[in-house]
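Subject: Structure handover

Hello,

Here is the structure I promised to pass on. Please open it and keep it beside this email as you read.

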Amino acid sequence: MTREGYRLEDQVGYLLRLASQRHAAIFQAHTLEGLTAMQFAALVRIGEQGRVSQNRLGRLAAMDVATIKGVADRLRQKGLTETVPDPEDKRRMLISLSAEGEALLVRMVEVGRVVTEETLAPLDAQERETFLSLLRRMT
């Protein structure tokens, strides 16, 4: 039984989840080589950094320790990343893109643009700008 005046359709969490599900479906329809959105985010951050520790990569890609470990492992298993010991701390490994990862990232950036365009398609240019600005403020 719901409380009077409470409509699930008006709740931010519910609406964000629906928007997220829509975006995820669009991403999955366009992704290359079975790459997940989280793997793509990690590849983008690795590409930006050149070489990065797994811990820092998790922070940069907004993933917790357990999640980034799984993502990093799967990227390595797919041959998209390589690891080398950190010259400043031999106990730590640095992750970088392999040649295959670099090539896939170049192709996926274009896919990412298409995904964003399709996700935001219901909005006009001003609404898109406002929506993205508001999301940035919330995060």
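This is a predicted model: local features need pLDDT of at least 70, side-chain atom pairs count only at pLDDT 80 or more; totals for chains, interfaces and linings use all residues.

Residues are numbered from 1 along each chain as its sequence is written, and side-chain values use heavy atoms, with hydrogens and water left out.

The sheet: it is open and has 3 strands, in the order β1-β3-β2. The pairing is antiparallel. β1 (52-53) and β2 (81-86) are the edge strands, each with a single partner, so one side of each has no neighbour in the sheet. Helices (H or I, at least four residues) and strands (E, at least two) are DSSP runs, numbered from the N terminus. Two strands pair if DSSP finds at least two bridges between them. β1 and β3 (residues 89-97) run antiparallel and are joined by 2 bridges. Serine 53 sits opposite leucine 94 in β3.

Glutamate 33 is not a glycine, yet its phi is positive, about 55 degrees. Look for glutamate 33 in the loop between α1 (12-30) and α2 (37-49). Its relative accessibility is 54%, so it counts as exposed (buried is under 20% relative accessible area, exposed over 50%, partly exposed in between, with a 1.4 Å probe and protein chains only).

Alanine 62 also has a positive phi, near 60 degrees. Alanine 62 lies in the loop between α3 (54-60) and α4 (65-77). At 73% relative accessibility, alanine 62 is exposed.

Best wishes
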